[in-house]
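Dear colleague,

Please find below the sequence and the structure that I am handing over to you. A summary of what was found follows.

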Amino acid sequence: MNKTDSTARAERGKLRALLMKRMQEGDSDACRALLDDVGPTVMRFLRKRMADPNELEDVYQEVFMALYEARRTYEPDRPFEPWLFAIARNVAADHARRHWARARWEELTPELPERPHSDPPSAPPVLEDALAKLPTAQREAFSMLKLDGMSLEGAAARAGISIGALKVRAHRAYNALKKIIAGND
């Protein structure tokens with residue numbers, strides 16, 4: 001490496017350390033700039049360590065989530081890159097451990113196992129039919145919370161009941177729907 005490359009690398013390291021310090025202080029623009037700057041380097045780093053390239057993007061995201069969660073541990077007077085790549089290495093190693101733990105239990109066989117001959121599966125229940133079987137108060141509670149996406153406070157106010165009463169109605173609706181869908185109505 002020549003002196004020019006060394007100087008550029010040192011300047012880039014100082015800039016990254018400054019951006020990380022600003023990120024610790026809550027500067028979202030510095031966070032974006034830092035992630036844009038180190039992103040390609042982290043991706044190259046991970047490509048060399050990943051067994052399954054299909055999971056590369058997930059691990060890449062995990063590295064930046066870990067960086068964000070650990071941002072308070074970074075010391076601005078120390079070099080940024082070793083700290084970042086220690087995080088990336090640990091995330092990749094954790095991912096590899098989880099991957100191989102799952103793979104250990106998988107058993108490859110030359111032929112698929114025989115499936116038991118049973119009745120064809122019945123048609124899935126239609127939510128509208130299942131909801132129609134519920135009492136009106138339970139149906140309204142379920143609809144407001146799960147179908148309309150209302151908050152507990154908003155749904156309780158619309159129904160004219162307390163939040164606790166709404167929770168009870170919704171819970172009863174969930175249990176009744178489970179039974180209806182399972183065919184135990």
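**Confidence and overall make-up**

In this predicted model, helix α4 (residues 80–105) has the lowest mean pLDDT among the elements of the protein, at 84, while helix α7 (residues 152–159) has the highest, at 93. Here pLDDT is the predictor's confidence in each residue, on a scale from 0 to 100. Over the protein, pLDDT averages 86, and 89% of the residues score at least 70.

Residues are numbered from 1 along each chain as its sequence is written, and side-chain values use heavy atoms, with hydrogens and water left out. As the model is predicted, local features need pLDDT of at least 70 and side-chain atom pairs count only at pLDDT 80 or more, whereas totals for chains, interfaces and linings use all residues.

The protein contains eight helices and zero strands; both are DSSP runs numbered from the N terminus (helices are H or I, at least four residues; strands are E, at least two). Of the 185 residues, 29% are buried, where buried means under 20% relative accessible area, exposed over 50%, and partly exposed in between (1.4 Å probe, protein chains only).

**Helix α1**

Helix α1 (residues 3–24) has 22 residues and spans 31 Å from its first C-alpha to its last, close to the 32 Å expected at 1.5 Å a residue; the expected span is 1.5 Å times one less than the number of residues. Its buried residues are G13, R16, A17, L19, M20, M23 and Q24. Viewed down the axis of α1, these buried residues fall within an arc of 165°, so they line one face of the helix; the arc is that of the directions from the helix axis to the C-beta atoms. K3, T4 and K14 are exposed on the other side of α1. After α1 comes G26, which has a positive phi, near 100°.

**Aromatic rings**

The structure holds six aromatic pairs. Rings of Phe, Tyr and Trp (its six-membered ring) pair if their centres lie within 6.5 Å; planes under 30 degrees apart count as stacked, over 60 as edge-to-face and the rest as tilted. The rings of Y74 and F80 have centres 5.7 Å apart and planes at 80°, so this pair is edge-to-face. Both Y74 and F80 are buried. For F80 and W83, the ring centres are 5.9 Å apart and the planes are at 45°, so that pair is tilted. F80 and W83 both belong to helix α4, three residues apart, about one turn of the helix. The relative accessible area is 0% for F80 and 17% for W83.

The charged end of R49 is over the ring of F45, 3.6 Å from its centre, and R71 lies over the face of Y68, at 3.9 Å from the ring centre.

**Two further buried residues**

E55 is located in the loop between α2 (28–47) and α3 (56–69). E55 is buried, with a relative accessible area of 17%. The side chains of E55 and H95 are joined by a polar contact of 2.3 Å, that is, a pair of N or O atoms within 3.5 Å; within protein, one must be able to donate a hydrogen and the other to accept it, and residues adjacent in sequence count only if both atoms are side-chain atoms.

L46 lies in helix α2 and counts as buried, at 0% relative accessibility. L46 and F85 are 39 residues apart in sequence and 9.7 Å apart in space, C-alpha to C-alpha.

With kind regards

Methods. Lys NZ or Arg CZ within 6 Å of the ring centre and 35° of its normal.
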